[in-house]
Amino acid sequence: MHVRMLTGGLAAACLVSMSLTGGQAVAAPHDTAGSPLAARVLTYDAAGSAEFRSAVDRGAAIWNESVDAVELRPASSGQRANIRVLTDNGWPRALPTTLGNGTVYIGRQAVDQGYDTIRISAHELGHILGLPDRKPGPCSSLMSGSSAGTTCTNPYPNTAEKAEVEGNFGGLLVGRAPASGAGVIVD
């Protein structure tokens with residue numbers, strides 16, 4: 001009974017918060033002195049991404065342009081990265097371990113079928129940032145993935161996707177398992 005009351009109260013608080021913000025993204029979190037908190041830095045190792053290295057770097061840059069609470073940086077030589085990016089002949093997929101950590105595969109099968117490499121990279125990194133697939137979906141939704149078709153080249157997260165990542169890295173969820181649960185996310 002206490003769990004039900006707590007869950008109901010939490011849901012009500014979320015609804016009130018959403019109505020107060022009008023569904024808009026809210027400012028980045030601040031510390032107790034009112035200064036903005038620094039973005040959580042996640043490193044990625046794209047050494048194994050072969051011919052897709054520039055697409056991976058561009059996908060990371062798109063996330064850096066889109067959100068404030070997290071920043072993706074290439075790992076320094078010898079540094080253990082939060083995210084490993086590899087290329088293989090299969091379908092693109094992400095294997096998140098915890099929020100902000102895991103392995104991304106840029107699969108040549110989707111590229112051979114005509115899917116955009118930068119969209120693939122940004123989409124798979126989105127899984128590591130805690131976003132689930134949203135299929136079927138329109139091209140305006142990065143997380144609609146392959147369901148938007150091969151003509152869709154939009155690599156940018158929409159407003160809701162940006163807000164979800166900001167929320168994921170804005171406080172309590174840092175270091176926890178992604179909402180989609182552990183396992184392989186095959187796109």
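## Core and salt bridges

Of the 30 residues in the largest nonpolar core, Trp 63, Leu 72, Ile 83, Val 104, Leu 129, Val 165 and Phe 169 touch the most other members. Such a core is a set of buried Ala, Val, Leu, Ile, Met, Phe, Trp, Tyr and Cys residues joined through side-chain atoms within 4.5 Å. Buried means under 20% relative accessible area, exposed over 50%, partly exposed in between (1.4 Å probe, protein chains only). Helix α4 (117–128) is among the elements that each supply at least two residues of this core. The largest share, four residues, comes from α4. Helices (H or I, at least four residues) and strands (E, at least two) are DSSP runs, numbered from the N terminus.

This is a predicted model: local features need pLDDT of at least 70, side-chain atom pairs count only at pLDDT 80 or more, and totals for chains, interfaces and linings use all residues. Residues are numbered from 1 along each chain as its sequence is written, and side-chain values use heavy atoms, with hydrogens and water left out.

Now the charged pairs. A salt bridge is a side-chain nitrogen of Lys or Arg within 4 Å of a carboxyl oxygen of Asp or Glu. The count comes to six. The table includes three of them.

| Pair | Closest N and O atoms |
|---|---|
| Arg 108 and Glu 51 | 2.7 Å |
| Asp 88 and Arg 93 | 2.3 Å |
| Arg 134 and Glu 164 | 2.5 Å |

Arg 134 lies in the loop between α4 and α5, and Glu 164 in helix α5, 30 residues apart. Arg 134 is partly exposed at 32% relative accessibility. Glu 164 is partly exposed at 23%. Asp 88 and Arg 93 are both buried.
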